[in-house]
Each structure stands twice: as C-alpha cells, then as structure tokens.
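Here is a short report on one protein chain. It covers the core, the sheet and the surface.

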Amino acid sequence: LSRFSTEVFRAARLFNSDAVSSAALRLAGATVGPRVSWGLDNFEVNPIGPLLHLGADCSFNTPGMLEPVEFDPVNQRLYLGTITVGEGAYLGHGSFIGPDANIGPYCQVAAGSCVQ
C-alpha cells in the first residue's frame, strides 16, 4: 500500500492536485489536515505514513523534502522519526525536514533550511 501511495502521490503532483496528493498520504497512514497546499512542483515525501503528521492549512513551497528516514553510514543504522508540521506552517523552497522534526503552528521555515 505504501508503494501504491507513493506512486499516486507522484501522479497527483503531475496534475498539481493538492486533494489527491493529501489523499495518497492518508492512504499510506499519514495524518493530513484539510487544505494542505503542495505548491506548483514536486515536493518529495517519503510516505512512511504513520510518521507524518501535517496540520490544517500547511503550505509547502517546492521543491523540498519531508524525510522521516535517515541512514547513518558510520554506524550502519537506519533511523526513523516522526515529522510533525503544525497548523498553518509554511515550508520554504528547498527546505529539508528530517526525522523527529516538530514544526509548530504558523511557523515559517526559510528557503533552503534543514530541520531535524
């Protein structure tokens, strides 16, 4: 189901459909509030659904990345962490949101920022 949701999410981005993109993430188990805006281009999401919590009215400027998985090459370990984006938050162009990130309501993440 997660692989299917990933493909649906990518297809929805081709048609710039916020509703279908959000629905694909919900299929993967993510919590996605209403009226989430995904911008004009692809915003990369690794849809490990239960690890994503997106509040209502979030806005994602593209391209950027939500990545709840990180690989540590030194210790050869895979790390999973929850990503929470609060209501009305804005993620700028090229931002990277990593495992265990908690972005509060109405926060603005600057373009090119890395939040972990």
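The model is predicted.

Ile97 sits in strand E10, residues 96-97. Its relative accessible area is 0%, so Ile97 is buried. Gln116 is 19 residues from Ile97 along the chain, yet their C-alpha atoms are separated by 6.1 Å.

The largest nonpolar core has 18 residues. Ile97 is among those with the most contacts inside this core, along with Leu54, Phe60, Leu66, Val85 and Leu91. Strands E3 and E8 are the elements that give two or more residues to this core.

**The sheet**

Four strands form an open sheet in the order E1-E3-E8-E11, with parallel pairing. Strands E1 and E11 are the edges, and each pairs on one side only. E8 and E11 pair in the parallel sense over two bridges. Thr84 stands opposite Asn102 in E11.

| Strand | Residues |
|---|---|
| E1 | 31-32 |
| E3 | 52-54 |
| E8 | 83-85 |
| E11 | 102-103 |

**The surface**

Which residues form a nonpolar patch on the surface? They are Phe71, Leu78 and Leu80, with about 320 Å² of accessible area together. Phe71 belongs to strand E6, residues 69-72. Phe71 has 47% relative accessibility, so Phe71 counts as partly exposed.

How values were computed: Residues are numbered from 1 along each chain as its sequence is written. This is a predicted model: local features need pLDDT of at least 70, side-chain atom pairs count only at pLDDT 80 or more; totals for chains, interfaces and linings use all residues. Side-chain values use heavy atoms; hydrogens and water are left out. Patches are made of residues with over 30% relative accessible area and no salt bridge: like charges are joined within 9 Å, nonpolar side chains (Val, Leu, Ile, Met, Phe, Trp, Tyr) within 5 Å. Accessible areas come from the Shrake-Rupley method with a 1.4 Å probe; for residues, only the protein chains shown count as cover. A salt bridge is a side-chain nitrogen of Lys or Arg within 4 Å of a carboxyl oxygen of Asp or Glu. Buried means under 20% relative accessible area, exposed over 50%, partly exposed in between (1.4 Å probe, protein chains only). A nonpolar core is a set of buried Ala, Val, Leu, Ile, Met, Phe, Trp, Tyr and Cys residues joined through side-chain atoms within 4.5 Å. Two strands pair if DSSP finds at least two bridges between them.
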